[in-house]
Amino acid sequence: ASSCDALAYSAEAYCTPCSSGTISFLRGSADANRVMVPRQDHATQHDDVHCRACPSTFLCAGPASIQAQAGYWFPSLPLLWQYTNGAFDEKEVIVKCLSGACQPDSPLKYTDGSLDLSTSLCTSGRDMSSPLCSVCMKEYSADLLSDKCIHQSPSSAWPVTSVLFFVFAVLLVLAYLVFLHLKPLTPQSPWLRIVLNFYSVIGILYTSAGGGGSLVLDGALQILSIFTSSSTNTSSSRSPITIVVPGAQPVDVYLAKGVLSASVGLVFVLTMTLRWLFAAAHHRSALNKRLGFGVFSVLLISYSSVSDIIFSFLSCTSVPILHTLNSTEPYSNGSGVQQYESESRLLIHAEWGCWTGHPFSAFLLVLGVVFVFGFPFGLLIWQGVFPSGDRGGDPLGPRLSTFQCM
């Protein structure tokens with residue numbers, strides 16, 4: 001047959017953008033191989049791009065142009081629409097970050113469906129593909145003085161500033177250990193007890209108000225950060241000093257504040273044990289008392305950092321994670337199929353699952369909660385039973401024997 005005898009068709013495609021106040025990151029298309037609905041003199045084909053209302057945390061300037069509000073994390077919007085067809089729960093997909101993790105210099109922006117590469121969801125140096133911006137980008141390491149990640153390869157040598165800082169920290173810890181070994185065991189003066197009680201209350205209030213880590217360590221780091229910032233030449237573009245451990249992640253820096261206190265206590269107990277083993281028998285009683293007072297002093301100083309870590313690891317949140325179904329799953333057609341699933345992750349480090357799914361982690365957190373509430377309660381009872389004097393444990397028996405049943 002000639003070309004004149006063959007059926008011929010002509011078609012026109014019309015695209016209708018999402019209405020005002022709605023967005024979509026799918027692009028509509030027309031395809032002659034797809035199903036068409038025949039009419040009397042034409043045929044129609046509908047390709048839904050699944051428009052939906054602009055989320056409250058977005059500033060929407062067009063159907064596929066948005067700017068995100070700082071402090072929140074969400075997966076790639078084109079991928080989200082591709083694998084959910086726009087059918088997602090806004091509260092499960094747009095998640096509030098841990099304080100300091102999602103504070104970019106330039107908040108994330110899409111223009112006509114394309115990502116502006118100069119913008120981000122995360123604080124400088126953090127990986128936007130990581131849930132809740134929990135880890136640093138490749139070849140970046142966490143900064144001890146801020147929530148940022150600094151360009152520092154894990155395989156590179158330690159910066160001079162970091163070496164000097166940790167040498168100073170080790171010397172400070174050694175000086176404190178010497179103090180615990182040599183301080184007199186005479187009863188504390190009322191002034192010293194007032195200062196210690198004041199510090200305990202301030203530490204607890206600091207933790208409950210949202211201050212992270214140890215009151216002493218955080219305060220020292222803030223002073224150091226301010227000092228280095230002010231000492232920097234304002235006419236220079238050089239950034240303030242940073243303290244970076246190559247390969248460290250933000251959660252490592254956070255945990256280090258609590259591990260430092262635990263390390264001081266462990267070293268003190270080990271050194272006191274060695275002293276006790278080599279001491280004469282008549283000196284061991286005094287060493288036992290020194291051990292008790294030393295451990296108490298370490299617990300008093302480290303209480304705020306330990307309690308903050310415990311409460312931080314209690315917080316979990318639902319995070320959308322993109323999973324690839326294997327070929328044995330229904331409707332996979334022998335190839336991998338991707339879909340978003342909501343998972344419970346730790347807010348402090350969303351790369352890790354929530355503690356509720358790990359029995360050992362749950363056990364450790366229970367022990368931590370017992371310490372956080374038990375330590376001040378035990379201290380209150382101890383001061384009530386022994387309001388003055390040596391506050392040893394020996395008078396406990398005679399005091400309890402004075403109680404009589406009615």
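Predicted model: local features only at pLDDT ≥ 70, side-chain atom pairs only at ≥ 80, totals over all residues.

Modeller: Residues are numbered from 1 along each chain as its sequence is written, and side-chain values use heavy atoms, with hydrogens and water left out.

Biologist: At what angle do the axes of α3 and helix α7 cross?

Modeller: Helices are DSSP runs (H or I, at least four residues), numbered from the N terminus, and axes are lines fitted to C-alpha atoms, for helices over the stretch in contact, with angles from 0 to 180 degrees between N-to-C directions. Here the axes of α3 and α7 (residues 284-314) come within 9 Å and cross at roughly 140°. Angles under 35 degrees count as roughly parallel, over 145 as roughly antiparallel, 65 to 115 as roughly perpendicular and the rest as oblique, and α3 and α7 are therefore oblique to each other.

Biologist: And how do α3 and helix α6 cross?

Modeller: The axes of α3 and α6 (residues 250-278) come within 11 Å, crossing at roughly 45°, and this pair is therefore oblique too.

Biologist: Which residues form the nonpolar patch on the surface?

Modeller: A patch is made of residues with over 30% relative accessible area and no salt bridge, nonpolar side chains (Val, Leu, Ile, Met, Phe, Trp, Tyr) being joined within 5 Å and like charges within 9 Å. In this model W158, V163, V167, V170, L171 and L174 form such a patch, with about 530 Å² of accessible area together, as found by the Shrake-Rupley method with a 1.4 Å probe, where for residues only the protein chains shown count as cover. L174 lies in α3 (residues 160-182) and, at 45% relative accessibility, counts as partly exposed (buried is under 20%, exposed over 50%, partly exposed in between, with a 1.4 Å probe and protein chains only).

Biologist: Which residue forms a salt bridge with R345?

Modeller: Side chains of opposite charge can pair when their charged atoms come close. The rule asks for a side-chain nitrogen of Lys or Arg within 4 Å of a carboxyl oxygen of Asp or Glu, and by it the count comes to one salt bridge. R345 pairs with E343, the closest N and O atoms being 2.8 Å apart; R345 is buried at 12% relative accessibility, whereas E343 is partly exposed at 22%.

Biologist: Where is D48 found?

Modeller: D48 sits in the loop between β3 (43-44) and β4 (52-53), strands being DSSP runs (E) of at least two residues. The C-alpha atoms of D48 and R27 are separated by 9.0 Å, although these residues are 21 apart along the chain.
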